[in-house]
Amino acid sequence: MSPHAVQPTPGSPRLGLDFNKFAVTRNAFLPDKSPVQVLSDPYYQPWEVVAQNLAGLIDEGTIHDAVRRIPILSVDKLVSEAEWRRAYTLLAFLTHAYVWGGDKPEEVSAHVELPPVLTYAGANLWNFTCQGDDFSDLEKLKLCFSFTGTESESWFLLISVAMEAKAAGILQIMTKALEAVKARDYEGVIVGLEELRQCINSVSHLLERMYEKCDPMTFYHHIRPFLAGSQNMAAAGLPRGVFYDEGNGQGEWRQLRGGSNGQSSLIQFFDVILGVEHNGHGDKKHASFHEEVREYMPGPHRRFLVQIARMGSIRELAMVTPQTEAQQRLREAYTAATTALTAFRQKHISIVTRYIIIPSKQPWKGKMGRQNLASSSSAAKDDEQLTGTGGTALVPFLKKARDETTEAGKLQRRQ
């Protein structure tokens, strides 16, 4: 049986899933409304002033002094969930700006249920404003916080916002499809899978728009280094990770993953729905990266993925030897959906080739001397040694995820 097909526990909900409980909105994993643009209490002005001027402070070389002057503030004056999210995002940007904003990385130093590092949620899900209600319209989106103030950074991060928004409604549709699995309502499952395929294709189309306004060399040298975490970053200058100072001489060294699209609950939702299995470290004894990074997702979202996995398996139903036309069409619809997800992952590899692999081999004519993920990547002897912002061996990881998606689509029993 697929590992995603967790057996329902007695009394677990089967129908009428409460999406609010999992912070799932009409915009899928994005907020229902555009994130707040400022923390309402003037008490938080010291945070806001620095965070809204990150690009200038980094460029001037004064970011370390600016961060050190920020007083320690209480969170008692945050008045809403939206403000908690902004506070987390703001502080995560300050942390990464401080660590990576100088010539050498600094070894520094729960409510939203996230680690103290810039995650995908902070960089993307909660880091935008929109002129209107359509979060998939890139022309109406604007970043809240930026390390560089460049169009390339804005475009790179907002592409992911629009991709998430394109999935509006698919979570609810596929929840109904899982209910149809239990009822052996083949037509209901087929309709869901066809909607899923179209959704994945729409998300893929948006990913391809990355080339329009994001310059590869700017991304590689100026933007990507700021998104890196502290795990597997010895070559980038953080052999022990980052020291998180708790005051009075107390604290600890921590190695945390940086933000990456692997932390997108939407992409993992696609995997769970289709029963795509990702193995870690070359075997089934260790947790895969996909399992590990759930700790870097907002708590309600990761609990939603667990709940979806408990509702049944479309793949198991598709693996039944077809006896009717409906069963055959179900198989075809399932295969088409997994093919679309495989194609999406191949496009992601193409993006990585253009924005990371090729720039790592090209001479940089801009400012030199900084030790970070760009300098360590350029020093790598081959593509297999490149490290992602999330701390993975970038190229092997992406190829493995693509191949595992292809394998799921073959509808063969796993060994």
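Guide: On a 1 Å grid over the protein atoms alone, a cavity is a set of points where a 1.4 Å probe fits but cannot get out, and its lining residues have an atom within 4 Å of a point. Grid points are joined across faces, edges and corners, and a volume is the space filled by probe spheres set on the points. This is a predicted model, in which local features need pLDDT of at least 70 and side-chain atom pairs count only at pLDDT 80 or more, while totals for chains, interfaces and linings use all residues. Residues are numbered from 1 along each chain as its sequence is written, and side-chain values use heavy atoms, with hydrogens and water left out.

Visitor: Which element gives the most to the lining of the second largest cavity?

Guide: About 60 Å³ of space lies in the second largest cavity, and the residues that line this cavity include Thr95, His96, Val99 and Trp100, along with Val242 and Tyr244. Two elements (DSSP runs numbered from the N terminus, helices being H or I of at least four residues and strands E of at least two) give two or more residues to this lining, namely helix H4 (81–100) and strand S3 (242–247). With four residues, the one that gives the most is H4.

Visitor: Which helix supplies the largest share of the lining of the largest cavity?

Guide: The largest cavity holds about 750 Å³ of space, and of the 40 residues that line it, the closest to its centre are Ser260, Asn261, Gly262, His348 and Leu398. This lining divides into 23 nonpolar, 14 polar and three charged residues. The elements that each supply at least two of its residues include helix H6 (151–166), helix H11 (265–274) and helix H17 (394–409), but the largest share, eight residues, comes from H15.

Visitor: How is H8 oriented against H15, roughly parallel or roughly antiparallel?

Guide: Axes are lines fitted to C-alpha atoms, for helices over the stretch in contact, and angles run from 0 to 180 degrees between N-to-C directions; those under 35 degrees count as roughly parallel and those over 145 as roughly antiparallel. The axes of helix H8 (residues 186–208) and helix H15 (residues 325–360) come within 9 Å and cross at roughly 15°. The pair is therefore roughly parallel.

Visitor: Which residues of H8 are in contact with H7?

Guide: Helix H7 (residues 170–182) and H8 pack at an angle of about 150°, with their axes 8 Å apart, so H7 is roughly antiparallel to H8. From H7 the contact (heavy atoms within 4.5 Å) takes Ile170, Ile173, Met174, Ala177, Ala180 and Val181, and from H8 it takes Gly188, Val189, Gly192, Leu193, Glu195, Leu196 and Cys199.

Visitor: Which residues of H11 are in contact with H8?

Guide: H8 and H11 pack at an angle of about 150°, with their axes 12 Å apart, and H8 is therefore roughly antiparallel to H11. Leu193, Leu196, Cys199 and Ile200 of H8 make this contact with Phe270, Ile273 and Leu274 of H11. By class the contact has seven nonpolar, no polar and no charged residues, and the H11 residues in it are Phe270, Ile273 and Leu274.

How values were computed. Angles under 35 degrees count as roughly parallel, over 145 as roughly antiparallel, 65 to 115 as roughly perpendicular and the rest as oblique. On a 1 Å grid over the protein atoms alone, a cavity is a set of points where a 1.4 Å probe fits but cannot get out, and a pocket is an open set with protein on both sides within 12 Å along at least five of seven lines; lining residues have an atom within 4 Å of a point. Ala, Val, Leu, Ile, Met, Phe, Trp, Tyr, Cys and Pro count as nonpolar, Asp, Glu, Lys and Arg as charged, and the others, Gly among them, as polar.
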